[in-house]
Amino acid sequence: MQRKEIETIAHLARLDLDEAEIPVYQASLTRILELTGELDRADTTGVAPMAHPLPGLAQRLRADEVTERDAHERYQSNAPEVEAGLYLVPKVIE
Amino acid sequence: MRTTLAELSASLKSRAFSSVELTRRLLARAEATQPSLNALITITADIALAQAAAADREIAAGRAGPLTGIPIIHKDIFCTDGVKTTCGSRMLENFVAPYDATVVEKLRAAGMVMLGKANMDEFAMGSSNETSYYGPVRNPWNPGRVPGGSSGGSAAAIAAGLAPAATATDTGGSIRQPAALCGVTGIKPTYGRVSRYGMIAFASSLDQGGIITPSAEDAALVLAAMAGYDPRDSTSVDRPVPDYRAGLERPVAGLRIGVLKEFFEKGLEPDNERSVRAALEVLRGLGATLVDVSLPSIGLSVPAYYVVAPAECSSNLARFDGVRFGYRCKEPRDLLDLYRRSRGEGFGAEVKRRIMTGTYVLSAGYYDAYYLKAQKVRQLIASEFERAFEIADVIVGPTTPTAAFELGAKTADPVTMYLNDIYTIGANLAGLPAMSIPCGFTGGLPIGLQLMGPHFSEERLLAAAHAYQRETDWHRRSPPGHE
């Protein structure tokens, strides 16, 4: 795992890494990919990928009805910055 | 001797003591052990005493159920209305949940008394409780050892007698491994048996809530109140919940116990193997038959898990953006800087490692080689379990390869830590119910016995564990100083 790759992944994941962290993740992600590389040993010809542990029990859909009431003040009490019911973020459009 | 939840329930019913008295005693214990064990992140004394007083009124009115007035600790991954819910992370250091998880709501409705919130590995990612932002939990059997993880606070709390029940969650072994390392009983139900609503998501196709208690009978009592269909969790299964306590009396005689060849190969410590084999003999003595089973691909469960779980985690944890809730960095330059620094500063090292692993395996060009391949191997393993359960009713073996290890022993290399879950991950990949119960000691540290069954066989597992606990007293032993 090259330094450049770590930087690319960290960017995709929106994670700021400091200089000291990069070699640590280079080493540990290399180790993890060695581990997951063992999957190549398995013959999976004709095996269907499993996305859900209870096959056959299809995920339900519910009726399209309003079930939640407005509680934005309560939810926004956890937000770092709110004004007039709006979440504040740095300016996006100049 | 450790008191069970069932015994406390009988004492409350007979008015030997009140729920308020019991709650006060346990709150004092929690305060006293906090500096040495660090099992809790939050103690909710006011809520506990109010709920206990209400429970005493129910008992006095003759309306008590088996859980009325029984204290419980919730893993800090479950949202608790109006109470700080950190998930072991700096990211949620100031997060006060605006609603209750279904599990919390159901157990409160059953009359249980919330003492506090248990410490845990950050976002449930860890096997030693060392990734918690709030410091590691110590093993009550030996403070130099880890309690296991990620539900390390829950398991340590039960071992130290801080409560007779603690909720927990299990994505790759996070209920069973700490239960084993702390010498207590833990059950991870079938995927979908217990609602995940309000349980902070790590890997949604693997996560399952469960319970840690002193005994299997206790687990049966609490699980009966936790389990069931929840319209707010689309993956919860709409299927009646059996009377788990009545099911405890199912006989072990005639039960076909699968002994999994691959779990007794290299890596299993000799003392652990001896205790597990002795436990198998106890079950045989009760009339069970032992049959050899094999899961040829089980050795690939750790590699498959470390693709699937990080992939799902990288997606689930994308919600922590420093905007709607959680940690926000100081003076962000622009929106990208806000995201990157809030996440970089708010998440700990292991969480970042898993997010990056997941991002990598899902990225263009690697998806088929890693993610799709892992999903196919997951299917292989699930199919092998299905075949094994044609000849065995339950599979019994070790929960972990070793007893509790020293703090810091496995933090240098993440893969060494990951391999600690080698026996537990298979049940998560296949969505199976599994439990761990104490079956011996090595060097003063507990050893865990794992029981796994087909989907929705919780009754059978609990009955076998209960029968074993009638014959043995490992689950009754308390750590020195925590009697």
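Mentor: Read from the N terminus, the elements of chain A follow the order α-α-α-β-β, that is, three helices and two strands. Helices (H or I, at least four residues) and strands (E, at least two) are DSSP runs, numbered from the N terminus. The model is predicted, so local features need pLDDT of at least 70 and side-chain atom pairs count only at pLDDT 80 or more, whereas totals for chains, interfaces and linings use all residues. Residues are numbered from 1 along each chain as its sequence is written, while chains are lettered from A and ligands numbered from 1 in the order in which they are written.

The radius of gyration of chain A is 22 Å, but a compact globule of 94 residues would have a value near 12 Å. This radius is taken over C-alpha atoms, and the globule rule is 2.2 Å times the number of residues to the power 0.38. Along the principal axes, the C-alpha atoms of chain A fill a box of roughly 55 × 50 × 25 Å. Of the 94 residues in chain A, 14% are buried; a residue is buried if 20 or more other C-beta atoms, placed from the backbone, lie within 10 Å of its own, exposed if 12 or fewer, and partly exposed in between.

The contact takes 41 residues from chain A and 57 residues from chain B. Two residues are in contact if their C-beta atoms, placed from the backbone, lie within 7 Å. On the side of chain A that touches chain B, the elements giving two or more residues are helix H1 (3-12), helix H2 (21-36) and helix H3 (72-76) of chain A. H2(A) gives the most, with seven residues. By class, that side of chain A divides into 28 nonpolar, six polar and seven charged residues. Here Ala, Val, Leu, Ile, Met, Phe, Trp, Tyr, Cys and Pro count as nonpolar, Asp, Glu, Lys and Arg as charged, and the others, Gly among them, as polar.

Leu12(A) lies in helix H1 of chain A and is partly exposed because 16 other C-beta atoms lie within 10 Å. Apart from neighbours within four places in sequence, Leu12(A) is in contact with Thr359(B) and Ser363(B). Within chain A, 23 Å separates the C-alpha atoms of Leu12(A) and Pro80(A), which are 68 residues apart along the chain.

The partner may now be described in the same terms. Chain B has 16 helices and eleven strands. For its 483 residues the globule rule predicts a radius of gyration near 23 Å, and the 21 Å of chain B agrees. Its C-alpha trace spans about 65 × 55 × 45 Å along the principal axes, and 63% of the residues of chain B count as buried. Among contacts in chain B between residues at least 6 apart in sequence, 77% join residues at least 24 apart.

An automatic or database domain assignment is the origin of the domain bounds; for chain B it gives domain 1 (5-255) and domain 2 (299-375). The C-alpha centres of these two domains of chain B lie 28 Å apart. Between them, 20 residues of domain 1 are in contact with 17 residues of domain 2.

In the largest nonpolar core, which has 164 residues, Ile72(B) and Ala464(B) touch the most other members. Each of domain 1 (5-255) and domain 2 (299-375) of chain B contributes at least three residues to this core. Such a core is a set of buried Ala, Val, Leu, Ile, Met, Phe, Trp, Tyr and Cys residues joined through C-beta atoms within 7 Å. Beyond four places in sequence, the contacts of Ile72(B) include Leu107(B), Met112(B) and Ala163(B). Ala464(B) is one of the buried residues of H16(B), a helix in which eleven of 14 residues are buried.

Two loop residues of chain B complete the account. Asn38(B), in the loop between helix H2 (19-37) and strand E1 (40-43) of chain B, has a positive phi of about 55 degrees although it is not a glycine. Asn38(B) is buried because 20 other C-beta atoms lie within 10 Å. Cys87(B) also has a positive phi, near 55 degrees, and is placed in the loop between strand E2 (71-75) and helix H4 (102-109) of chain B. Cys87(B) is buried, with 31 other C-beta atoms within 10 Å.
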